[in-house]
Amino acid sequence: LEFWCARSAPSSSGPPPLQLGSGPSGLGVRSPDPLASILVRNVARRGEDQMDVGMIGLGRMGANMSRRWLHDGHRVVGYARHAETVDGLKADGAISAGATSLKDLVDQLPAPRIVWLMVPAGSVDATLAELVPLLSKGDVIVDGGNSYYRDDLRRSHELEAKGIEYLDVGTSGGVWGLERGYCLMIGGPDDGVARLQPLFKSLAPGVDSAARTPGRSGDPDPA
């Protein structure tokens, strides 16, 4: 189990002002300067730490998580039930590419694939029933929602038999996560967790986002 979280200390005036995206989708939350203030750590680039990920569920959290990934150079293929949502976010630059179906999403990802779900807990099993037959041994599925942990254990055991790794990554941050980052409660196979470290680092706030615990120093260790 890993826990990645560093919150900015709240100011007396409350959270920074945000506004709805002004692009065609009108989804997600943006600051008055939406691109300049999202990340100050890295410019967008592609290299060995940049990954391809499929995002299923493009609500406010899913779309804003995608934006953080894009600004760290990752590639995101997005899918939502409504085509207008996908088209709008693609036009906004919030996703790299849009998918018209789960099969289309899987076909656009290089193997071994990474598929991240940001759907309601009650929809996870139905989504997996359609998604899993499209995947292959070595692929990874991440449930970033608030599923009951016993359901995640069951799914992990079922998918292990198919050679598919399943990670339970409870993601917290709401609409503020775009700028502040997301807290991640990570559980799953060690190799799968290690493989997705670049994605986790892009979502989590930096170590300088909050004061260090007195007496703690050196490089942070999420383990």
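User: How many aromatic pairs does a search of the whole structure find?

Analyst: In this predicted model, the search finds three aromatic pairs.

User: Why is the pair of Trp69 and Trp116 called edge-to-face?

Analyst: The ring centres of Trp69 and Trp116 are 5.2 Å apart, and a pair requires centres within 6.5 Å. The planes stand at 65 degrees, and the cut-off for edge-to-face is over 60; the pair is therefore edge-to-face.

User: What makes this pair a tie between parts that are apart in sequence?

Analyst: Trp69 belongs to helix α1 (residues 60–71) and Trp116 to strand β7 (residues 114–117), so the pair joins parts 47 residues apart in sequence.

User: How do you know whether Trp69 and Trp116 are buried or exposed?

Analyst: Buried means under 20% relative accessible area. Trp69 has 0% and is therefore buried; Trp116, also at 0%, counts as buried.

User: What makes the pair of Tyr148 and Tyr149 edge-to-face?

Analyst: The ring centres of Tyr148 and Tyr149 lie 5.1 Å apart, with planes at 70 degrees. Edge-to-face needs an angle over 60, so the pair of Tyr148 and Tyr149 is edge-to-face.

User: Which residues do ring pairs link into a cluster?

Analyst: The cluster consists of Trp69, Trp116 and Phe200, linked by ring pairs.

User: What share of the 223 residues in the protein chain is buried?

Analyst: Buried residues account for 44% of the 223 residues.

Key. Residues are numbered from 1 along each chain as its sequence is written. This is a predicted model: local features need pLDDT of at least 70, side-chain atom pairs count only at pLDDT 80 or more; totals for chains, interfaces and linings use all residues. Side-chain values use heavy atoms; hydrogens and water are left out. Rings of Phe, Tyr and Trp (its six-membered ring) pair if their centres lie within 6.5 Å; planes under 30 degrees apart count as stacked, over 60 as edge-to-face and the rest as tilted. Helices (H or I, at least four residues) and strands (E, at least two) are DSSP runs, numbered from the N terminus. Buried means under 20% relative accessible area, exposed over 50%, partly exposed in between (1.4 Å probe, protein chains only).
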